[in-house]
Amino acid sequence: MRARDRAAVSALRSALAALDNAEAAPVDEADLRGLALEQAPVGAGATEVARRELDEGEVADVVRAEADERLAVAARLTAPAHAERAARLRAEAAVLHRFLDGPAAP
C-alpha cells in the first residue's frame, strides 16, 4: 500500500476476502429450517460457530483460483476499449502468482 501499487493492493485485498469466505463455517440447510423464534438461542455468542482453518494447500488453491479467474476474464476482454482493464487484471494475476511462487531467489 505504501508503494502505491494499485494492482497489488487490489489483488491482495480480493484474495484476502476470498480466503475469508473460504474459512466461513458451512451452513447446513437443516439449521436454516430448524427452530421457531421462541426456541431460538438467545444471548451474546449463542449462535457463534468456529470458522474453518485452511491448510497451506487450501490457501494456495484459493489464491491460484483468484489468479486464474483474473486471467480468464482478461482473455475475454478483447475489445480495444477494454485493453486497460485487461492489463490491470493480468497485473493482478501476476501479483498473486508471485505470492504463490514465494520470494525471488537472490
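Trainee: Which residue caps the N-terminal end of α3?

Mentor: D55 does. One of its side-chain oxygens lies 3.1 Å from the backbone nitrogen of G57. Keep in mind that this is a predicted model: local features need pLDDT of at least 70, side-chain atom pairs count only at pLDDT 80 or more, and totals for chains, interfaces and linings use all residues. Residues are numbered from 1 along each chain as its sequence is written, and side-chain values use heavy atoms, with hydrogens and water left out.

Trainee: How many helices and strands are there in the chain?

Mentor: Four helices and zero strands. Both are DSSP runs numbered from the N terminus: H or I for at least four residues, or E for at least two.

Trainee: Back to α3. What span should its residues give?

Mentor: α3 runs over residues 56-76, 21 residues in all. At 1.5 Å a residue that should span 30 Å, and the end C-alpha atoms are 31 Å apart, which agrees. The expected span is 1.5 Å times one less than the number of residues.

Trainee: Which residues of α3 are buried?

Mentor: V62, V63, E66, A67, R70 and A74. They cover an arc of only 130° around the axis, which puts them on the same side of α3. The arc is that of the directions from the helix axis to the C-beta atoms. Buried means under 20% relative accessible area, exposed over 50%, partly exposed in between (1.4 Å probe, protein chains only).

Trainee: What covers the buried residues of α3?

Mentor: The cover includes α1 (6-22) and α4 (83-101).

Trainee: Switching to the largest nonpolar core. Which residues make it up?

Mentor: Twelve in all, among them A8, A11, L54, V62, V63, V95 and L96. A nonpolar core is a set of buried Ala, Val, Leu, Ile, Met, Phe, Trp, Tyr and Cys residues joined through side-chain atoms within 4.5 Å.

Trainee: Which helix gives the most to this core?

Mentor: α1, with five residues.

Trainee: What is V95 in contact with?

Mentor: Leaving aside neighbours within four places in sequence, V95 is in contact with A8, A11 and L12. Contact means heavy atoms within 4.5 Å.

Trainee: Last one. What follows α4?

Mentor: G102, whose phi is positive, near 85°.

Technical notes
Polar contact = N/O pair within 3.5 Å; in protein donor to acceptor, adjacent residues only side chain to side chain.
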